[in-house]
Amino acid sequence: MQDTVKAWLENGTIDVFLGYKKVDNHPLPHCFTKARLEELEDLVVSPDRYPLEKIATHMTTAKPEVKIGMLARDCTQRALNVLYIWNQLDPEKIQTLNVNCCPSPLKEKADCSYLRPATVGDYKKEKGVNNAALLEQLSEYGQEERLGRWMYEFQKCIKCYGCRNICPVCFCKECSLEHEDLIKTGALPPEIPVFHLIRAVHMAGRCIDCGLCEEACPMDIPLRLLYRKVNDIVAQVFDYKTGTSASQSPFNILGDSVTLEPKPIQLTGTDS
Amino acid sequence: MGDCHYLYGNYMTIKRITFLQELLTFLGLEGRIHLAWISSAEAQKFVQVVTDFTEKVRALGPNPLPTFSHNKKAALSSVLGRGMGKTPGSSPPEPALQEVYP
Amino acid sequence: MLTLSEVTDISGEEGNLQVKVLQHPRFVDMDKCIACGTCAEKCPKKVEDQYNAGLMKRKAIYVPYSQTVPLKYAIDKDNCIYFQKGKCRACEKFCPAGAINFEDTEKELDLKVGSVIMAPGFTSFDPSSQDTYGYAALPNVVTSLEFERILSATGPFMGHLSRPSDKSEPKKIAWFQCVGSRDMNRCDNGYCSSVCCMYAVKQTLIAKEHSDVDLDCTVFFMDMRTHGKDFDRYYEHAQEEGIRFIRSRVHSAEPVPGTDDVLVTYVDERGHQEREIFHMVVLSTGLEIDEHVVALSQRLGIELDPYHFVQSDTFHPVATSVSGIYACGAFTGPKDIPQSVMEASAAACAATQPLAVSRNTQTKTVEIPAEKDVTREPPKIGVFVCNCGINIGGVIRVPEVAEFAGTLPHVVYVEENLFTCSQDTQDKMTAVIQEQGLNRVVVAACTPRTHEELFQETLINAGLNKYLFEMANIRNHDSWVHANDPDAATQKAKDLVRMAVAKAGLLSPLHQTDLPVHQSALVVGAGVAGMTAALSLAQQGYPVHLVEKSGTFGGNALQLHRAYQGEDVSAYVKKLTDEVSAHDRITVYPESTIQGVDGFIGNFTTEIQTPDTTETIAHGVAILATGAREYKPDEYLYGSHKAVLTHSEMDRLFMNDDPRLKAAQNVVFIQCVGSRDETHPYCSKVCCTHSVESALELKRRNPDINVYVLYRDMRTYGKREDLYREARKAGILFVRYALQEKPKISDSGDQVRVVFRDPILDRELAVEADFLCLATAIVSYHDQTLAQFFKVPMDADGWFLEAHQKLRPVDFANDGVFLCGMNHYPKPLDESIAQAQAAASRALTVLAMDTINVGGVVCHIDPDLCAGCLACMNVCPYGAISEDKEKNVAEVNEALCKGCGACAATCPCEAAILMGFNNQEIYAQIKGALAA
């Protein structure tokens, strides 16, 4: 691995390499350069994760011509696909050094092996939404209960913006979640469920299910579950599987003809 | 369908609205958004759709979302914990690990 | 616009015509009528409603239907109680606007015009006289027009599928095609009405949609003529949906005693007589010219054909025999909507051509006061609440609403009017805006659809930007729908006013800029369509660049022998080519191709690669007339046996007077070679007529020759049906084959042996043919590069996709680019020429302007917020957004933006702002709505 990166840096394939450097036994995200090749000795594959793609996006915004190499897990690849489609990164300027997803007891079947299954306390089980639940399981709740449980989760929010800050596919210059018209300043919890709905809608066609948001959330809100639902709908309605391809944009599909029909109004019961 | 003043604007609309309907349903806010195609020549249909939808929303009751202008806690209590245990199978079984990340 | 008027006489010459018009009295003052409908509500006299084909009642004072233009009521004198019996005048008593004028009289008008276009339309054939189908006697035998009203949401049954006799829902409906068409026995309409097959298929599918049960639909037809763009796909779709299509001309429809059902007797294809009971029968009635139109034409000296359509020739599809008078629509022959729309534009082009010199000679300019800068002022909102006579005031407590408006933030002036839209109110409003220093105006009245422009003009006259205006519709959305609940209606009016005021406070002035227009055109393709378009524009006074990839002009027409009415094509093409080459406003570029296109409506720059050099030209519009080509098949021994030809090859033999033609004894034509199959699932439209034409030519040259035409459906639509009839009279044999059982061809020395099954005899027959002519498809060049240059779409078959298949058949969604000829869809010469004139006409609407006005309600992308994700560019239906690669942001071209807001809805960064509907304004409106 070190040799490959070294060769890339030396022959100009890339200008910088984003990986993890072992500092006091802690793997920390680090930008390796040709100027300090000796640092490559400390290049490691980290079991901890940071959105290297996001660092690449920031670098590209500042310096569009920079050629970047990076360590890439499956989730990194998906994030890169999304960022290519959204014109934030140029695939020509990105080199990935693919690594296996990190060791985990779930390795066999994991799409992201790192995430340990969430441990859910009794109170949360009773009042909230189980982070480890399956999408179908939530539909077993009645309408009122579903709303109540989600509102329980949302009202815990301390508006730390951790979910957004860690998100590899968030790239706006000004975030809708900071618009005075939508989210009043100085109030906790923030306007719910609007705060979380805005972010959920913004994740449509973008979220690549890396789980970093949920990991970052100090309040343990099941964000990954919410965004999974979002892209589950996108897959059904738009026939678009987020992150799987770097060529097809959800927006090319948006205007394509559809066979959907507006749902009839059902005067009794609910139309789910 | 497709017969939109803005070319394929209504294709985009139906996808967006369907998306929103599904998302709101997931969070327990179903039935409060409706889309229909009504041309300017279809007054009767317009009346029918608006009347039906009004009746439906009336049946659903007032907006269940809390407004935080006065008492946050009181507002929240109106929605938290409602409907608990009324539905059979309201506590889904603890999912097995393999099922979570297939 | 002169309504209730008829032309009585036209005299003079083209360029200087005197038209006598007789205007019948409306008895309603158009300036005063506000179309509130009170008169019709109060009118005691019920009259049969012609618009609903007599299935409903209307009143003696009425508008024919709700989209009527102008939306003004009229009194039907023959049915009005006052006019008939001398008493009533209820409408006058109740009209809040005082618009009723019983003293109104007939007026004679003398108009001076340069040219006249006649578009009198058609009437639907009246089948009352055909007793075999029992239309007059059986209530459940209806015409297609009546059925159309039955299916309509505004029709007699509000769109519920019901049959007239007992209002029950029919479960089994039959359609009879060709009623009053292709019929010389029971009427004199020998022509095909062209549109009935398609509308019948449409009606079956819509009826199925409207039906609660699995509706059984059966269409009895002779030939299924779905020859238009995408029509065959629709027909296929109907078959998949389970619509039954039976090839038979129905013998009779009789009552079933004791029921309201109809017994239908017909003979199936094998010759067996069948009887079947239907709950309802729809007669697909043909198109006819009204007798009044025939009389007028005779008075004006316009030559009509035996069927009373205008006698026009292939090369001048919209001309009549009288110079200065042009015709379009069904008057020149039965046709569908897109063809009518094309002809309408074509007629406009032809009719203005001789008048081009006087363009812009009578233009008047208006003085506009300087616009006041309000950007640094706090909002000062004036609210005008309208009573609309009693329309609003009779339900809503207007003074209460006005008082409420005064309490809203930023409102500094409130006024209540009887009619806010009246001219004196406009003058007063102008004064008030100036005196009070208002910088935003809200009118709570009716709909912006009809009145926004009027009030915006008042703002302009008062020196305010016209976008500092907002309307609250407290009539259509409120007093009309909540007439029975004044309290709630008043409350709703307040809500609507609060919303409008909230938005108005945030409105900012929007500006429009004038971009100069390059008053010249680029025409790509010098076939007949391209040359016609180029010549039309040049004759209208505009320079034209005509680019042709080959060395010769004329395109496919060079290979054609005769047009369907017998005209010599090559002579016409030569004349056209000479005129084009000689015209000093046309620059021709033979053997040249387009290398790149930049710009937008009014301001294109195009790079042309000529044999010697690359030229860059500037032009304001572009017309794509790149044509299509004849398909060369790889079946039926084509290419390997010299007796097997395509149409163009056979025409070549005719033109060269080839001796082999004289010697031939047997000639076989096979239709639909490469059309209506899996690779080309469309009808090539021209081949049936071409085959019939060539077959007749063969017969003319050698009356003893045997000609066989193997076909699937003979699609000699419109007046072309005469040729088909003539061919059968001449002894040409037409034998149908099925796609599953194509004719089999084998080599037989100098001849080919053609084996096919005759469905009537149910036997296989064989012919030793001296010539086998394959009626091959017309296929697209699939020129993706050109499509990308001009940002225009192409459908799956490779045809350019117009902005709207019915209503905008020569426009592209991308403004300033137009299409005509066979790159749109296969079509015969007359239709190509009409479409070319139409494209020129549409192009003229741009070229005739010195500048185009852009801006206003368009999108703006804030470069400081834009993250360059280009989602907006991907969703924009108009290609109005491009990437600024330098700054890595998206940019809107205001000349292309139509203000649909798709980008604003898509932008994750809220950088795309739809001017006049920005997020803050919409949030304010929503908050206003919820503030109650």
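**Ground rules.** I number residues from 1 along each chain as written, and chains are lettered from A in the order written, with ligands numbered from 1. Because the model is predicted, local features need pLDDT of at least 70 and side-chain atom pairs count only at pLDDT 80 or more, while totals for chains, interfaces and linings use all residues.

**Cores.** I looked up the nonpolar cores, meaning sets of buried Ala, Val, Leu, Ile, Met, Phe, Trp, Tyr and Cys residues joined through C-beta atoms within 7 Å, where buried requires 20 or more other C-beta atoms within 10 Å of a residue's own, all placed from the backbone. The largest has 236 residues, and C820(C) is one of those with the most contacts inside it. Its largest share, ten residues, comes from helix α21 (829-847) of chain C, a helix being a DSSP run (H or I) of at least four residues, numbered from the N terminus. Domain 1 (2-98) and domain 2 (122-254) of chain A both give residues to this core, so it lies between them; the domain bounds come from an automatic or database assignment. I also noted a second, separate core of 68 residues, which includes F404(C).

**Sheet.** In chain C I found an open sheet of four strands in the order β21-β20-β22-β23, with parallel pairing; strands are DSSP runs (E) of at least two residues, and two of them pair if DSSP finds at least two bridges between them. β21 (411-417) and β23 (469-473) of chain C stand at the edges with a single partner strand each, so one side of each has no neighbour in the sheet. Between β22 (440-445) and β23 of chain C I noted five bridges, and V441(C) has F469(C) as its bridge partner.

How values were computed. Buried ≥ 20, exposed ≤ 12 C-beta atoms within 10 Å, placed from the backbone.
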